[in-house]
Amino acid sequence: MHRYSEFDRDFVATRNAQYRDQVARRVAGELTEDEFKPLRLMNGVYLQLHAYMLRVAIPYGTLSSAQMRQLAHIADRWDKGYGHFTTRQNIQYNWPRLVDTPDILDALAKVEMHAIQTSGNTIRNVTADHFAGAAMDEVVDPRPYAELIRQWSTDHPEFQFLPRKFKIAVTGSAVDRAVVQAHDIGLQMLESRGELAVKVWVGGGLGRTPILGQVLQEALPIAELLPYLEAILAVYNLWGRRDNKYKARIKILVNAMGIDAFRREVQAAFETTAQDFSGEDQAVLEQLRQAFDFSAATDADEAAYHQALAANPLFRQWVDQNVLPHRVSGYSIVTISLKKPGQTPGDASSDQMRGLADLAERYSHDELRVSHEQNLVLPHVALGHLPAIFDALTALDLQTANVGLISDLIACPGMDYCALATARSIPIAQQIAERFSQLGLEETVGAMKLKISGCINACGHHHVGHIGILGLDKGGVESYQITLGGDGSENASLGEKIGPGFSADDIVPAIERIVAHYLDLRSAETETFIQTLRRVGLASFRDAAYGDPATEVIHAS
Amino acid sequence: MARIKAPVVVTANHLGSGEVVYLSRDGRWQASMDAGQVFTELAEAEAALARHDNELEVVGAYLINVEVHGGRVEGQHYREQFRSLGPSNYWHGKQTEANDAPV
């Protein structure tokens, strides 16, 4: 893993000291709220419905066990004993007091973490494939490039007041687990003519104007990555709209200019920015490649693994659903579901965090990952250690074997916490997961991405859910609009609205009718929901959703 | 959001804690909506808002539509009902507390 340099430590400490002073001046009345608000937001402190909220950056979703333990400590010391892992691989605390936030930031700094640029019109936390460095299908670990971008973008003086926030995601695999096409800039590391290169998408994003990114470069040389990103940001900074916040994202600019004209502008800017990079960035990149290198071998005895597979059906089910092969023989990738039916998607208690930190330290080369799907990952686990991990997870109530199934759904905090929300997300997520769990149908239904947002800003990524749900306020009543056919993978597509919204009471039965319709229509058990939907089209699914509620629900087996 | 019309209550978040608070009849900011002064004249509410929007104490004060049922004050919109109670996924927030405690 990457470690802070002395410069990094000094920078974060200085920022924290400045913030402590800013909070003191706000409380003393020396700063007005209008003056203070942008300062607290620069440090990740929002005011939500019931309390302040602190959003902590977890760069490219990678955590050490010491960092996870500190997150648990913060949850106990200054919050209500839990944290919420988000779709940007961050963690949010829902109940901190403003006056405690300087102490929390100092506690984070002790483990080389911060909340800088988790808000505001800046380049936000760079996200990456949560299986980075472990996935079998990966060309290269994307995290050295994500870290290079993080170092370049953090406190970049030119990009602290962009027209709007800016999100970058990086994958090192053709299999897209980072939703790169739904980002302002999406990057895919690939091989081109025997050389490592980067495919660059620009202008993707969800929110009120969902658009998939367009390809700006098919294979950019690695050495040109930072100057090229700087050129994109410079063009956006100059030409992006500042008169209307709803039209200020780069996707609006790219579509207004057209991708070819935008590319020409970037190329012209690149002629200048390229002069500013002397090659030092490539030297840093080389160090980062070494910092993230994983080349361990394991001598763990696999006999216990095979015995447990044969003897324990629950263990086998969990392995089948939550464990994937690793690129290094003898290792595996373990996804820990934070989606036990009835629980809040993405939440982990401080005890669970500490337990996972212990497991990471003992069995996963001291590493954990946060996925944008609001789960946690032990990325480097020897097969022989899986039975012990399963037992430990069971003790932590984290053994849910539902990764990739309908109950492994994404949900934003919604109106249970968020000041921007127009409806609640969490209760709908809980009800859907519980319903399909009760029906015993999750495995029968198979691969499914269900995503719920509590407002048009789409933090729950509903546009790229196979089934998307958007919570709205219709005349003072919570209403839930369904989209179908979205996909956040390398086959990215945006879901299509099927019609009028459903009430909070009617949304779960409507989802059930859609899923029942899929089970009726699929050509084989191996045809997934999204494949069936693409084969037969939306119309009959729409009819099923609005069908007779009394006759078309699935009956419990 | 719905148009603001009487009866209304003045609400805000407490500066230090972020807790939801309501302007009470004695001019203090209190944790319980039931303690909030119900204004039947919008102009009076707006004047109270201007008078008590003390930045040393609260953040983001605004008016909300309410209904009064048997002495209990309730936000008309579900957003304000949630603010007055807490989240639905955990027994956290005001729903766990005595509703008349000053902040």
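A crossing of two helices is called left-handed if the near helix is turned anticlockwise from the far one by less than a right angle, and right-handed if clockwise. By this criterion α5(A) and α9(A) cross in the right-handed sense. The structure is a predicted model, in which local features need pLDDT of at least 70, side-chain atom pairs count only at pLDDT 80 or more, and totals for chains, interfaces and linings use all residues. Residues are numbered from 1 along each chain as its sequence is written, while chains are lettered from A and ligands numbered from 1 in the order in which they are written.

Helices and strands are DSSP runs numbered from the N terminus (helices H or I, at least four residues; strands E, at least two). Helix α5 (residues 143–153) of chain A packs on helix α9 (residues 280–291) of chain A, with axes that come within 9 Å and cross at roughly 135°. Axes are lines fitted to C-alpha atoms, for helices over the stretch in contact, and angles run from 0 to 180 degrees between N-to-C directions. The pair α5(A) and α9(A) is therefore oblique. Angles under 35 degrees count as roughly parallel, over 145 as roughly antiparallel, 65 to 115 as roughly perpendicular and the rest as oblique. From α5(A), Pro144(A), Glu147(A), Leu148(A) and Gln151(A) meet Asp281(A), Val284(A), Leu285(A), Leu288(A) and Arg289(A) of α9(A). Contact here requires C-beta atoms, placed from the backbone, to lie within 7 Å. The contact of α5(A) with α9(A) has five nonpolar, one polar and three charged residues. In this scheme Ala, Val, Leu, Ile, Met, Phe, Trp, Tyr, Cys and Pro are nonpolar, Asp, Glu, Lys and Arg are charged, and the others, Gly among them, are polar.

Helix α6 (residues 225–239) of chain A and helix α8 (residues 259–273) of chain A pack at about 120°, their axes 8 Å apart. That angle makes α6(A) oblique to α8(A). The crossing of α6(A) and α8(A) is right-handed. Residues of α6(A) in the contact include Pro227(A), Tyr228(A) and Ile232(A), and those of α8(A) include Val266(A), Ala269(A) and Phe270(A). The residues of this contact divide into nine nonpolar, one polar and two charged.

Chain A also holds open sheets. In one, five strands follow the order β6-β7-β8-β9-β10 with mixed pairing. Strands pair if DSSP finds at least two bridges between them. The edges are β6 (127–128) and β10 (214–221) of chain A, each pairing on one side only. Strand β8 (residues 185–192) of chain A runs antiparallel to β9(A) over eight bridges. Gln188(A) has Lys199(A) as its bridge partner in β9(A). The hairpin of β8(A) and β9(A) has two residues between the strands, and Arg193(A) takes a positive phi near 50° there. Strand β9 (residues 195–202) of chain A is joined to β10(A) by five bridges, again antiparallel. Bridge partners in β10(A) are Val215(A) for Trp201(A) and Gln217(A) for Val200(A).

Another five-stranded open sheet runs in the order β3-β14-β15-β12-β11 (chain A), with antiparallel pairing. Its edge strands are β3 (62–64) and β11 (323–325) of chain A. The twist averages 30° from one strand to the next. Three bridges join β11(A) to strand β12 (residues 331–336) of chain A. Val323(A) is bridged to Val334(A) in β12(A).

Most residues other than glycine have a negative phi, and most peptide bonds are trans. Asp366(A), not a glycine, has a positive phi of about 65°. Asp366(A) sits in the loop between α12 (350–363) and β14 (367–370) of chain A. In chain B, a cis peptide bond with omega about 5° joins Ala6(B) and Pro7(B). Pro7(B) belongs to the segment before β1 (8–14) of chain B.

Chain A divides into domain 1 (6–109), domain 2 (135–291), domain 3 (303–395) and domain 4 (410–545). These bounds come from an automatic or database domain assignment. Between the chains, 23 residues of chain B are in contact with 22 residues of chain A. On the chain B side, β4 (58–69) and α2 (78–85) each supply at least two residues. The largest share, four residues, comes from α2(B). This side of chain B has eight nonpolar, 11 polar and four charged residues.

Key. Two residues are in contact if their C-beta atoms, placed from the backbone, lie within 7 Å.
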